[in-house]
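Visitor: Please bring up the model, and we can go through a few points in turn.

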Amino acid sequence: MGSSSDWDVMHHAADILTEFGVPFEAQVVSAHRMPDEMFAYAEAARGRGLRALIAGAGGAAHLPGMLAAKTPVPVLGVPVPSKHLQGVDSLHSIVQMPKGVPVATFAIGVAGAANAALFAVALLAHDDPRLREQLDAWRARQTEAARAQSAALSKHSPS
């Protein structure tokens, strides 16, 4: 993430990855305050076996795009809500990448962080039957939870 203040949002990605038993790193690698370290991190990612980078950033949100410019590893961008523009600025910074430097961009905030992690799990599950089974079971639980919500509402509906 671009700053430790992004952890309030990004820990939701970490929680999902932990739930699935997917190892991960959580680090501050600021595009603006530590560009040399950010470039080194991106350039070493593939060689270290990283399969995806979930990059959360607020404000100008250059981190996801700059990582994508320096590594062939897929970058999943999470716009972190900002003080004045509620993350719309971050969303625009991440989603408007030039042709040839892709960043998969997710929703602003908590939903984006969780969905980026689920997307990473889905990428990894392609080659991992155990992870694929876990993801299928997780999705089935989501379906059952939604059905239960509907059933609870129907108890309050007039007959």
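Predicted model: local features only at pLDDT ≥ 70, side-chain atom pairs only at ≥ 80, totals over all residues.

Guide: Strand β1, residues 53–57, is mostly covered, as four of its five residues are buried.

Visitor: In which sense do β1 and strand β2 pair?

Guide: Strand β2 spans residues 75–79. Within the pairing, Gly 56 stands opposite Val 78 of β2. The two strands are joined over five bridges, and the sense is parallel.

Visitor: Is Ala 61 buried or exposed?

Guide: Ala 61 lies in the loop between β1 and α3. Its phi is near 55°, a positive value in a residue other than glycine. Buried means under 20% relative accessible area. Ala 61 has 3%, so it is buried.

Visitor: Where is Gln 86?

Guide: Gln 86 is not a glycine, yet its phi is positive, at about 55°. Its place is in the loop between β2 and α4 (88–95).

Visitor: Which backbone atom does the side chain of Ser 30 reach?

Guide: Ser 30 sits in the loop between α1 (7–19) and α2 (35–45). Its relative accessibility is 3%, so Ser 30 counts as buried. Leaving aside neighbours within four places in sequence, Ser 30 is in contact with Met 1, Gly 2, Pro 35 and Met 38. At 2.9 Å, its side chain reaches the backbone nitrogen of Arg 33.

Definitions and conventions: Residues numbered from 1 in each chain as written. Heavy atoms only, no water. Buried < 20%, exposed > 50% of the residue type's maximum accessible area, 1.4 Å probe, protein only. Pairing = 2+ DSSP bridges. Polar contact = N/O pair within 3.5 Å; in protein donor to acceptor, adjacent residues only side chain to side chain. Contact = heavy atoms within 4.5 Å.
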